[in-house]
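I open this notebook to record, entry by entry, what I looked up in one structure. The notes are meant for a reader who has not seen it before.

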Amino acid sequence: MSSREAPDDPARAEAGPPSLLSRRWRVGLFTGLYLYQGLIAGFATLALANHLAATGHDTGAVGSLLALIGLPWVLQPLLWGPLLDGAAPHPMGARRVWLVRALLGGQIALCLLPLLGLRPEPVTIGAVLLLHSLCASLADTATDRMIVASVPEEELGRVSACTRAGFVTGSALGAASFGWLIPAIGLPGAASMLLAATTLLAMVALLVRERPTDALLRIGPRPPSVSDLVTAAPAALASHWSGVMGVLASFRHRDAALLLAMCFGIDFALALFQVPIAVAMVRDHGWEAGALSQLQALLAFLSGTVGAGLVGFAVDRIGPARALRRLCLACAAAFALIALLILGGLDARGGPVILGLANVVPALLYVALLPAVVLASRAEGVSATQFQIFMAAMNLGDVAGASMAGLVERWATPTVTACGVALVFLIAAARGGRSPR
């Protein structure tokens, strides 16, 4: 296809330096980059959040941490989409140079975590992880652009499956291992081990070029002078703003706007319930933070591998719209059952069942939601950034829900919140049955 670079002779690509022209290096690089993302996500959003709950921090503090981590992912398409869409040629490759820069910045941010001491405040940890997320979101944008540019259409399914498996595996490993390590050796020691593991994964980006003739490492060119930056700034800002406005214009259609609202609403509602229930399991029901992290890791792994494969097969058979509607109805039923369990006083003994219903069933929903989003992301010239806008709406919902979870917990019982989430999914089911234009 015209949007992708035509691969050279396969035998020559395999024999030359590691590059995206080789199938095995493509799969290896993209899987490794998503494993990197997942490992940090498991550490920060599951193991660390559970540890903070176990050390006496309330839902508001944990929710604020999660909101800080997620904020750059909300702004990702507007910050980095136009930048990567208009990236100039570079000796390292127009996209890979930004990937390497972003990973370097992210690892520098992670170096700060071991320096925070044994019991830093959640807002301090959140500030450091905010810096990392800012760099990681740029790396993710560069990765997505490399996938669009280099993966042949007949390999998209394979690469998509590998990246999903990489993220889920990393998230499970991060949650399970650091859920045990943080209380055992302290945050500085666990953060040091996270830094070492992620540095090894980030090194893959230094080895695999976009094309065999690209430079292996050349972060330059020579830094521009201050006068050059001042002179070029107006044109650069105008170009970036034009790109942003072009993306926003693609959401004028009613169906695209409704799907965008659906992406936001689902994650917003889920965060309002998921954050308080995880804190309550540790604070009120006697769960150990490590055990909870390991259970969450297992649920995430099963939903992201076996469950995702089964739902993906069903999506290919009946289409994304029908599958999405049925899964929205299944999520509504799951949260209605959760409300009944809590109302019946089974929230302590039925903790694993509640966590499974609240996490596994919605995770399966995303397998059908993503193809629907892809079909809706067809605007000429901005389709990749448009896709990321949908993803950012999910992240914004998650950030907003996490930040408001403490407030909602004070004013609404878990039963009421679960019923509210079920209602959101019922409303989404009406939208999920319509095919995007």
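The entries below go from the whole chain to single helices and then to single residues.

**Entry 1. The whole chain**

I note at the outset that this is a predicted model. I looked up the secondary structure and found 15 helices and zero strands in the protein. I then asked how much of the chain is buried: of the 437 residues, 51% count as buried. For contacts with a separation of 6 or more, I found that 83% join residues 24 or more positions apart.

**Entry 2. The largest nonpolar core**

Which residues touch the most other members of the largest nonpolar core? In this core of 99 residues, they are Phe273 and Phe335. Helix H2 gives the core its largest share, 15 residues. As background I record that nonpolar side chains in soluble globular proteins tend to be buried together.

**Entry 3. Helix H7**

I looked up the span of helix H7, which covers residues 187-202. Its 16 residues reach 22 Å from the first C-alpha to the last, close to the 22 Å expected at 1.5 Å a residue. The buried residues of H7 are Leu187, Pro188, Ala190, Ala191, Leu194, Leu195, Thr198, Leu201 and Ala202. Why do I place them on the same side of H7? They cover an arc of only 155° around the axis, and therefore they lie on the same side of H7.

**Entry 4. Helix H4**

I turned to helix H4, residues 96-110, and looked up its span too. The helix has 15 residues and reaches 21 Å between its first and last C-alpha, close to the 21 Å expected at 1.5 Å a residue. In H4 I found ten names to list as buried: Arg96, Val97, Leu99, Val100, Ala102, Leu103, Gly106, Gln107, Ala109 and Leu110. What covers the buried residues of H4? The cover includes H2, helix H5 (122-150), H7 and helix H8 (204-207).

**Entry 5. Arg26 in helix H2**

I looked for Arg26 and found it in helix H2. Is Arg26 buried or exposed? Arg26 counts as buried because its relative accessible area is 4%, and the cut-off for buried is under 20%. A polar atom of the Arg26 side chain lies 2.7 Å from the backbone oxygen of Leu20. Neighbours within four places in sequence aside, Arg26 is in contact with Ser19, Leu20 and Leu21, and also with Ser150, Val151, Pro152 and Glu155.

**Entry 6. His57 in a loop**

Where does His57 lie? I found His57 in the loop between helix H2 (23-54) and helix H3 (59-85). With a relative accessibility of 18%, His57 counts as buried. The side chains of His57 and Thr55 make a polar contact at 3.4 Å. Not counting residues up to four places away in sequence, His57 touches Leu52, Val62, Glu121, Pro122 and Val279.

**Entry 7. Gly81 in helix H3**

I looked up Gly81, which is placed in helix H3. Gly81 has a relative accessible area of 0% and is therefore buried. Along the chain, Gly81 and Arg145 are 64 residues apart, while their C-alpha atoms are separated by 9.2 Å.

**Entry 8. Phe167 in helix H6**

I located Phe167 in helix H6, residues 156-185. Phe167 counts as partly exposed because its relative accessibility is 27%. Beyond its neighbours within four places in sequence, I found Phe167 in contact with Tyr34, Leu35, Gln37, Gly38 and Ala41. I also looked up Ile40, which is 127 residues from Phe167 in sequence and 9.7 Å from it in space, C-alpha to C-alpha.

**Entry 9. Arg322 in helix H12**

I found Arg322 in helix H12, residues 320-343. Its relative accessibility of 47% makes Arg322 partly exposed. Arg322 and Ala368 are 46 residues apart in sequence, and their C-alpha atoms are 8.9 Å apart in space.

**Entry 10. Cysteines**

How many disulfides does a search of the whole structure find? The search finds zero. For reference, a disulfide is a covalent bond between the sulfur atoms of two cysteines. I looked up the exposure of Cys111, which is partly exposed at 40% relative accessibility. Cys419 is also partly exposed, with a relative accessible area of 42%.

Notes:
Residues numbered from 1 in each chain as written. Predicted model: local features only at pLDDT ≥ 70, side-chain atom pairs only at ≥ 80, totals over all residues. Heavy atoms only, no water. Helix = DSSP H or I, 4+ residues; strand = E, 2+ residues; numbered from the N terminus. Buried < 20%, exposed > 50% of the residue type's maximum accessible area, 1.4 Å probe, protein only. Contact = heavy atoms within 4.5 Å. Polar contact = N/O pair within 3.5 Å; in protein donor to acceptor, adjacent residues only side chain to side chain. Core = buried A, V, L, I, M, F, W, Y, C linked by side-chain atoms within 4.5 Å. Expected span 1.5 Å × (residues − 1). Arc of directions from axis to C-beta. Disulfide = S-S within 2.5 Å.
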